[in-house]
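Here are some friendly notes to read alongside the structure. Keep it open beside you and find each residue as it comes up.

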Amino acid sequence: MRLDVITIFPEYLEPLRHALLGKAIEQGILEVGVHDLRAWATDVHKSVDDTPYGGGPGMVMKPSVWGPALDDVATGDRPGTSLESALPHRNVIGIHDRTGAAEEDAPGAGPAKPLLIVPTPAGKPFTQAMARSWSQEDHIVFACGRYEGIDQRVVDNACERYRVEEVSIGDYVLIGGEVAVLVIAEAIVRLIPGVLGNARSHQEDSFSDGLLEGPSYTKPQVWRGLEVPEVLRSGNHAKVDRWRRDQALLRTAQRRPELIEQLRESGGLSAADEEVLRG
Ligand code: 6GU
């Protein structure tokens, strides 16, 4: 997978080179490019924003800068920096050894358009289902807006070269899209086969069965007078599985009751589940 990020704060995307994502870059599973939007500014002051039509506070990012930036990055004509992993170099094997879901839309259609993700508090809520789907993409471009956003015509026009998604990471307002890109990119990349050591660890994630994950424990058996639940030490796998399901159900009912309702409506709750929820 290739990820490109266009931003006026390229240094804000440094964390993409570390830890999990850095390892994916090392393994040749992931390529990351970070591009300074000002590289496409044309005036001496390298300005990227202007006052809003209709008045009001703040500034709007200019279409005359974003348009060419998105044109160039879509085609791989990018003056930005390719991020090397911050981790020590190891031998790279099996570069691009993955199944490309977005290779072609139909026979003879050529490569699919890249996916353009525009983080904005006015977007559709980002979900684990989106992360799962987008982990199959070949090329994702993120457009980070600052100030009061990007001229809407940029997003409208980008449909010619991209499949476009405007997404929000929650009901609160950030200063710009950069932190949202870190969140969304990490959620996507950890689902690419080979990035997480253990495939089970994302089959059992919170949300993959529509429930929050229950509590986890490790040694010692007693810590500050608090005991690990007996059932987890019983060696009875069926009992352990049932207990974990019960804990997930009870935690979800308490913290996210709307998720229980969704699961009930989609037929995702068994008679045993309903009994646990009745208490
Ligand atoms: Cl994706 N961007 C910004 N700027 N603020 C947000 C957001 C995104 N999601 C929630 N708040």
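1. **What counts as around the ligand.** A residue is near a molecule if one of its heavy atoms lies within 4 Å of it. Please keep in mind as well that this is a predicted model.

2. **The shell.** Which residues are around the ligand? They are Pro119, Thr120, Pro121, Val167, Ser168, Ile169, Gly170, Tyr172, Val173, Leu174, Gly176 and Ala180. Sorted by class, eight of the shell residues are nonpolar and four are polar, while none is charged.

3. **Which strands contribute.** Strand E6 (115-125) and strand E8 (163-168) each bring at least two residues to the shell around the ligand. Which of the elements gives the most? That is E6, with three residues.

4. **Polar atoms facing the ligand.** Look next at the nitrogen atoms of the ligand. A backbone N or O atom of Ile169 lies 3.0 Å from a ligand nitrogen. Ser168 takes part through its side chain, with a polar atom 3.3 Å from a nitrogen of the ligand. For Gly176, a backbone N or O atom is 3.4 Å from a ligand nitrogen. How much of the ligand does the protein cover? On its own the ligand has 290 Å² of accessible area, and the protein covers 97% of this.

5. Tyr12, Tyr172, Leu174, Val179 and Val183 together make a nonpolar surface patch of about 410 Å². Two members of this patch, Tyr172 and Leu174, are also among the residues around the ligand. Val183 sits in helix H5 (residues 178-189).

6. **Salt bridges.** Side chains of opposite charge can pair when their charged atoms come close. How many salt bridges are there? The count comes to 19. Arg233 has a relative accessible area of 35%, so it is partly exposed, whereas Glu230, at 53%, is exposed.

7. Arg264 is partly exposed, with a relative accessible area of 34%. Elsewhere on your list to find, salt bridges with shared partners join Asp209, Arg242, Arg245, Asp246 and Asp273 into one network.

8. **Two prolines in loops.** Pro193 lies in the loop between H5 and helix H6 (200-203). Its relative accessibility is 68%, so Pro193 counts as exposed. Although Pro193 and Gln136 are 57 residues apart in sequence, their C-alpha atoms are 9.5 Å apart in space. What kind of peptide bond joins Lys219 and Pro220? The bond is cis, and its omega is about 5 degrees.

9. **Positive phi values.** Please check the backbone at two residues. Ala19 has a phi near 50 degrees, a positive value in a residue other than glycine. Ala19 is placed in helix H1 (residues 19-26) and is exposed, with a relative accessible area of 51%. For Lys46, phi is near 55 degrees, also a positive value in a residue other than glycine. Lys46 is found in the loop between strand E2 (31-36) and strand E3 (49-50). At 38% relative accessibility, Lys46 counts as partly exposed.

Conventions: Residues are numbered from 1 along each chain as its sequence is written. This is a predicted model: local features need pLDDT of at least 70, side-chain atom pairs count only at pLDDT 80 or more; totals for chains, interfaces and linings use all residues. Side-chain values use heavy atoms; hydrogens and water are left out. Patches are made of residues with over 30% relative accessible area and no salt bridge: like charges are joined within 9 Å, nonpolar side chains (Val, Leu, Ile, Met, Phe, Trp, Tyr) within 5 Å. Accessible areas come from the Shrake-Rupley method with a 1.4 Å probe; for residues, only the protein chains shown count as cover. A salt bridge is a side-chain nitrogen of Lys or Arg within 4 Å of a carboxyl oxygen of Asp or Glu. Helices (H or I, at least four residues) and strands (E, at least two) are DSSP runs, numbered from the N terminus. A polar contact is a pair of N or O atoms within 3.5 Å; within protein, one must be able to donate a hydrogen and the other to accept it, and residues adjacent in sequence count only if both atoms are side-chain atoms. Ala, Val, Leu, Ile, Met, Phe, Trp, Tyr, Cys and Pro count as nonpolar, Asp, Glu, Lys and Arg as charged, and the others, Gly among them, as polar. Buried means under 20% relative accessible area, exposed over 50%, partly exposed in between (1.4 Å probe, protein chains only).
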